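This report describes a protein chain together with its ligand.

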Amino acid sequence: MKIRILGAGPAGLYFAALMKRLDPVHDIAIYERNPKDATWGFGVVFSDKALEFLRTDDDALYQYLSRHLENWPEITIVHNDTAIPVAGNGFASIGRLELLTLLYDYVEALGVKLHFETEVTALSQMGDADLYVGANGAFSWLRTENEANFETTTDWRSNRFIWYGTTKAFNSLTLTFRETGHGVFCAHHYRYRPDRSTFLVEVEEDTWQRVGFESMSAEETVRYCEKVFAKDLEGHPIISNHSYWRQFPVIWNERWSFDNVVLIGDALRTAHFSIGSGTRLAMEDAVALYKAFKNAGTTDITCALTEFQASRLPPMKKIWDAANTSIDWYEQMDKLVHDLTPVEFAYSYMTRTGRVSHADIKKRDPVLAQAYEKLHPEVALTVHG
Ligand SMILES: Cc1cc2nc3c(=O)[nH]c(=O)nc-3n(C[C@H](O)[C@H](O)[C@H](O)COP(=O)(O)OP(=O)(O)OC[C@H]3O[C@@H](n4cnc5c(N)ncnc54)[C@H](O)[C@@H]3O)c2cc1C
């Protein structure tokens with residue numbers, strides 16, 4: 001089978017690896033516009049659950065990657081000056097560049113051809129193929145140019161975020177919320193290598209307007225955020241890497257393929273970064289597409305692509321819905337920080353997607369459950385009664 005993949009992110013790379021492992025005779029090439037050593041962003045996180053699929057489906061790759069992961073057993077929610085550690089929520093992280101480099105080496109060793117610094121603007125540029133895979137991320141031209149075929153919807157969400165790093169090595173995945181005179185600032189921060197952490201700053205749209213970020217230079221923006229989070233950064237600088245304020249597009253497609261063209265990863269759908277599942281979903285798409293070809297065979301492309309959507313939709317939709325509920329929560333963060341006590345706030349955070357019940361909190365972190373029950377005795381009844 002001749003497969004041409006657009007985009008060397010986690011989705012495209014992992015699909016290439018799986019298909020090559022299925023049959024080394026497959027002729028597989030990936031086209032990537034960036035050079036081999038360039039990427040955006042800092043580290044990405046995986047929840048324990050997010051890594052389970054890899055541990056179960058592909059232990060060899062899991063072992064290969066896990067040596068490079070930073071791990072923590074808990075997360076910390078900081079409500080102004082009160083830190084609430086919440087146990088029972090394992091996370092792991094890795095630099096995005098490091099993850100990609102490991103995957104480049106992995107697929108190249110399998111015999112996949114990687115073409116870097118090749119911007120593809122038409123499928124014909126990649127030559128004839130039995131299958132074209134659009135794995136070119138959230139802003140995929142392949143999707144936008146074929147929106148009628150894919151039945152695409154895009155919902156631009158209102159919060160603003162900027163992806164920074166810092167030299168401070170944080171000891172747990174932490175969500176810090178600080179009230180300022182202009183509104184609440186949230187930082188999602190976590191170490192992804194011994195001397196670096198991701199430091200993503202998020203604010204509600206009104207806060208962003210009140211501060212006047214639109215007319216600030218990149219340097220002024222960094223200095224402003226350093227001041228807001230001075231207590232957390234403890235003198236460490238914020239590091240910018242082509243960082244700029246963005247809004248999150250929630251992307252969905254009713255149809256995932258047409259003819260011999262299929263979308264996977266962020267090109268197919270985006271899931272808000274607050275649930276730490278974008279990379280996991282991208283890699284799970286790759287697994288599902290590979291399994292569809294494994295089951296349906298490689299001669300009937302339409303049949304395999306139909307099976308891909310049918311089998312992948314239910315589990316993926318669950319996580320996508322949770323990610324969207326999480327966005328709703330972040331869009332109300334000013335009110336929540338203001339109205340709730342630190343314990344209530346941490347509890348609200350933990351239960352925000354509706355997928356974690358009071359019984360789950362009791363199991364994971366009895367101390368938090370007890371503190372919350374003191375304030376809201378009625379919840380104890382929902383477990384016992
Ligand atoms: C701020 C932020 C924080 C995030 N944090 C996390 C996190 O903590 N955990 C997590 O799991 N996920 C996180 N994500 C999401 C994660 O980065 C993506 O979900 C994941 O990378 C998707 O993988 P992908 O392979 O589908 O696409 P991408 O990783 O976007 O890869 C697409 C590739 O296609 C290439 N490309 C695009 N157009 C062309 C073209 N025309 N020609 C050639 N090449 C092209 C791009 O250069 C890119 O390398 C975050 C995302 C953002 C924006």
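Which residue in E2 does Arg 4 stand opposite? Arg 4 stands opposite Ala 29.

The model is predicted; local features are reported at pLDDT of at least 70 and side-chain atom pairs at pLDDT 80 or more, whereas totals for chains, interfaces and linings use all residues. Residue numbers start from 1 along each chain as its sequence is written.

Helices (H or I, at least four residues) and strands (E, at least two) are DSSP runs, numbered from the N terminus. Two strands pair if DSSP finds at least two bridges between them. Strand E1 (residues 2–6) and strand E2 (residues 27–31) run parallel and are joined by five bridges. Ile 5 has Ile 30 as its bridge partner in E2. Between E1 and E2 the chain passes through helix H1 (residues 10–22), and this β-α-β crossover is right-handed. The term right-handed applies if, with the strands pointing away from the viewer, the path from the first strand over the helix to the second runs clockwise.

E2 is also joined to strand E6 (residues 113–115), by three bridges and in parallel. Here Tyr 31 has His 115 as its bridge partner in E6. These strands belong to an open sheet of six strands with mixed pairing, in the order E6-E2-E1-E7-E15-E14. Because E6 and strand E14 (257–258) stand at the edges with a single partner strand each, one side of each is left without a neighbour in the sheet. In a regular strand the side chains alternate between the two faces of the sheet.

**The ligand shell**

The ligand is surrounded by 32 residues, of which the closest are Gly 7, Gly 9, Gly 137, Gly 265 and Gly 278. H10 provides the largest share, four residues. By residue class, the shell divides into 16 nonpolar, eleven polar and five charged residues. In this classification Ala, Val, Leu, Ile, Met, Phe, Trp, Tyr, Cys and Pro count as nonpolar, Asp, Glu, Lys and Arg as charged, and the others, Gly among them, as polar.

**Domains and their contact**

The domain assignment gives domain 1 (2–70 + 92–156 + 249–330), domain 2 (158–246) and domain 3 (339–384); such bounds come from an automatic or database domain assignment. The centres of domain 1 and domain 2, taken over C-alpha atoms, are separated by 29 Å. Eleven residues of domain 1 are in contact with 14 residues of domain 2, where contact requires C-beta atoms, placed from the backbone, within 7 Å. On the side of domain 1 that touches domain 2, E3 and strand E5 (82–95) each supply at least two residues. E5 gives the most to that side, with three residues. The residues of that side divide into five nonpolar, five polar and one charged.

**Strand E11 and its partners**

Strand E11 (residues 196–203) is mostly covered, with seven of its eight residues buried. A residue is buried if 20 or more other C-beta atoms lie within 10 Å of its own, exposed if 12 or fewer, and partly exposed in between, with C-beta atoms placed from the backbone. E11 pairs in the antiparallel sense with strand E8 (residues 152–166) over seven bridges, and Thr 166 stands opposite Ser 197 in E11. Strand E10 (residues 183–193) also runs antiparallel to E11, joined by eight bridges. Tyr 190 stands opposite Thr 198 in E11. E10 and E11 form a hairpin with two residues between them.

**Individual residues**

Leu 54 is found in helix H2 (residues 48–57). Leu 54 counts as buried because it has 22 C-beta neighbours inside 10 Å. Not counting residues up to four places away in sequence, Leu 54 touches Leu 61 and Tyr 62.

Asn 80 counts as partly exposed, with 14 C-beta neighbours inside 10 Å. Glu 234 is exposed, with 9 other C-beta atoms within 10 Å.

Conventions. A residue is near a molecule or strand if its C-beta atom, placed from the backbone, lies within 6 Å of it. Two residues are in contact if their C-beta atoms, placed from the backbone, lie within 7 Å.
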